[in-house]
Amino acid sequence: MRPSDLSTLPDGVPEALEAEGIEEFYPPQADAVEKGVADGASVVASVPTASGKTLIAELAMLSAVQRGGKALYIVPLRALASEKKTEFERWEEFGIDVGVSTGNYQSDGEWLASRDIIVATSEKVDSLVRNGAPWVNDLTCVVADEVHLVDDSGRGPTLEVTLAKLRRINRDLQVVALSATVGNADEVADWLDAELVESDWRPIDLKMGVHYGNAINFDDGSQREVPVGKGQKQTAALVADALDEEIDGQRGSSLVFVNSRRNAEGAAKRLADVTADRLDPDERAALEELAQDIRDVSDTDTSDDLADCVRKGAAFHHAGLASEHRSLVEDAFRDRLVKCICATPTLAAGVNTPARRVVVRDWKRYDGEFGGMQPLDTLEVHQMMGRAGRPGLDPYGEAVLLARDRDTMDELFERYVWAEPEDVRSKLAAEPALRTHVLATVASGFATTREGLLEFLDRTLYASQTGDDARLAEVTDRVLEYLVVNDFLEREDGTLTATGIGHTVSRLYLDPMSAAEIVDGLREGIDSGGADAVTANRRSRPAEDGEVADDAAEIPEDAADAGFVTGSDLVADGDTDDTDGDADGADGSASADSDDPTITPLGLYHLVARTPDMYQLYLKSGDRETYEEQFYAREDEFLGHAPSEFEDVAWEDWLAALKTARLLEDWASELDEDVITERYGVGPGDIRGKVDTAEWLLGAAEQLANELDLDVVLDVREAKKRVEYGVGEELLDLAGVRGVGRKRARRLFEAGIETRAELREADKSVVLGALRGREKTAENVLQAVGRQDPSMDGVEKDATASAAATAGSDADDDGSGQATFGDFS
Ligand SMILES: Nc1ncnc2c1ncn2[C@@H]1O[C@H](COP(=O)(O)OP(=O)(O)OP(=O)(O)O)[C@@H](O)[C@H]1O
């Protein structure tokens, strides 16, 4: 079957597909077409990586649009949203408009209404539904990419509930769910009332095996000799072997998966010596340039270390990198310039980076919950292995695990090579997930009674999979109780309604528990001295959240820190063209005028760092003493009641929040990025992650304080602005001007230009003088200032209001509100 056999696609599309080289549909694609995917039928496609799932989705979406409908493509990661949007934009020449959901809610509402295909993360879609985006009602086709992630306890429930809501809004909705091969795709299909397309077929042969001794032993019984030299590591031998083999003029690149950031960096440094010996002069020159680009991203050791590896042809990849680092590395790897990437598993879940050889070096990972190194799931290892084989470039892919003894080899064959992947299981019936989704479900009118709520929840995978209504009802009742006690919901004569604050919390995309913590903290701050006014609202945190990372064990990669979407990504201000100085008060500097001297930025940073919406920094060994000292030195500043030192988990949690708050305070005190990365043992990507989350949570706190009429609004706003711009109070006005940023603002300030009004009046020579010694960037500032000049007045942006339904900048993987990072340093 070929594209031109389909009559459902817009004119010209079949020919374009064929021109792209899609002459015949791959077997799973043909199966999906036969099951009606181009005619509006719902389909679950559970097929291996690189077997053409995206085209199945495109056939569904393009046919839906051709029938006059509208399609939504839901991705799990923001980096993927940009990638998919770019991919789908090739259909614009056939009259299909493509949009990615970004910017604030208002602009999304109007603009997206006119798009035919919209790409968004599940959290963003959830937020749009909560905020009543009207175009959601017009959807006729929804694609859920990587639907096996419903199994993820953090993000799975959102996807599950969002799909349930979309199907409830539009009962004829076509749902196309794309999944890795999982054990129970039939259950997912049952849940979605969809046809099942299940297949092991791959366009490129994938050989899986285990390296032991001097050879790789493959699943088909064959062996490939890869001797390991004296003093050499297995991984180095495998990377060298792939690179030394030329097939059709192509040498083989490798992806090496390891279990921690430190291991990724260490392995990349070692493997750089292997790749360096195998570069030609042109490659060397191109890599030197790339290394310079990487150094230019940020002024940190991480940046330098990465550049040092890259100039030799290797790289590391993990969530501590800035998003610019990650995309430079990914692009260079796709261009075959970088020969080897050592990555944490987050890359396997992320963007498209195939390699001829995949080496899964570490198959165990530190797991705080179980207190030790635990084997990875089969599904996760299969996802990594599936990255092997570059379509059109390699005749086959090889995925290799490593064993030092025969027993381990046997275990690896059992566990990963022969094994079927696990079943996916809904994680919905847990309090943290239901707390937020029950509130949102009531607040957006999907249910008005307990029974209505349970009926709605009956449409989720959890219900369809387990049939365990009792458990769902039990957790729902507990959650309802919590929401009522905390004034987010009211229950009268069996009717449930969201309170004003309940609506706000739902729209702000906050975990209700975060909102309760913030409101309590602010109230106590106002009552200051009321240190014993602890309320029943405060959560008792699950043990694993406060777990101290064993020094010997590495800090595990945190999914949420790894670029997966959190509420902070839904904040509107993904750029620095903030011109709302005027909105901050007449002098534009948002100076705090609260009567209460005890409310400090540190106290506020600590408050938001304690909420379940912030992923705190881990305490390393020695940190406890450091932060205990700081706790006692600044005891007056904390908002809320500190646990006693004997409440181990709560106390560690409090100190971890303090460490996180201190990072934010350092950032807002204009400390350089490299000093911060060094001091806290984090990467530049982590600083951005914390800053974005803090900005979002403080924006939410401001809105809550406003609504509850708490006299802390200005304090909160100032703390938010300081973290947003990374500057001291006196620079808030200047740093908000587009193109200025924290460092330039400081230089201007030192040169006597202290406000945006003065900047507007300053002549060129003054501004240049202010930036003496930074000629390289002065020009840019001037240009930016010049461009900004006429519109500098009157352009308002209400960040907190727009936090309501809004998305981060999709141009920036980290959704950073700080375009100033790196750019201007
Ligand atoms: N029928 C086809 N004929 C030739 N090439 C195809 C066909 N279908 C898809 N391809 C190409 O195969 C490659 C892999 O496809 P795609 O990225 O859709 O796989 P996938 O299953 O979505 O992978 P992943 O699981 O990694 O997201 C793409 O380059 C795509 O253009």
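Two strands pair if DSSP finds at least two bridges between them. Helices (H or I, at least four residues) and strands (E, at least two) are DSSP runs, numbered from the N terminus. This is a predicted model: local features need pLDDT of at least 70, side-chain atom pairs count only at pLDDT 80 or more, and totals for chains, interfaces and linings use all residues. Residue numbers start from 1 along each chain, as its sequence is written.

**View 1. β14 pairs with β15 in an open sheet of eight strands.**
The strand order is β10-β9-β8-β19-β16-β13-β15-β14, and the pairing is mixed. β10 (223–225) and β14 (314–317) are at the edges; each has a single partner strand, so one side of each has no neighbour in the sheet. From one strand to the next, the twist averages 20 degrees. (Angles run from 0 to 180 degrees between N-to-C directions; axes are lines fitted to C-alpha atoms, for helices over the stretch in contact.) Four bridges join β14 to strand β15 (residues 340–343) in the parallel sense. Find H317: opposite it stands A343 in β15.

**View 2**
Contact here means that the C-beta atoms of two residues, placed from the backbone, lie within 7 Å.

**View 3. Seven strands form an open sheet with parallel pairing.**
Read the order as β3-β4-β2-β5-β6-β1-β7. The edge strands, β3 (98–100) and β7 (195–198), each pair on one side only. The twist averages 15 degrees from one strand to the next. Strand β2 (residues 71–75) pairs with strand β4 (residues 117–121) in the parallel sense, over five bridges. I74 stands opposite A120 in β4. Helix α4 (residues 78–88) lies across β2, β3 and β4, and runs at about 165 degrees to β4.

**View 4. Helices α17 and α20 pack against each other.**
Two packed helices are described by the angle between their axes and the distance between the axes. For α17 (residues 431–443) and α20 (residues 469–485), the angle is about 60 degrees and the axes are 9 Å apart. Residues in the contact include L434 and V438 of α17, and V475 and L483 of α20.

**View 5. S323 is a buried residue in helix α13.**
Helix α13 spans residues 323–334. S323 has 21 other C-beta atoms within 10 Å. (Buried means 20 or more other C-beta atoms within 10 Å of a residue's own, exposed 12 or fewer, and partly exposed in between; C-beta atoms are placed from the backbone.) The C-alpha atoms of S323 and A79 are separated by 8.8 Å, although these residues are 244 apart along the chain.

**View 6. A hairpin joins β20 and β21.**
Strand β20 (residues 489–492) and strand β21 (residues 495–498) run antiparallel, joined by four bridges. L489 has A498 as its bridge partner in β21. Two residues lie between the strands, and D493 takes a positive phi near 50 degrees.
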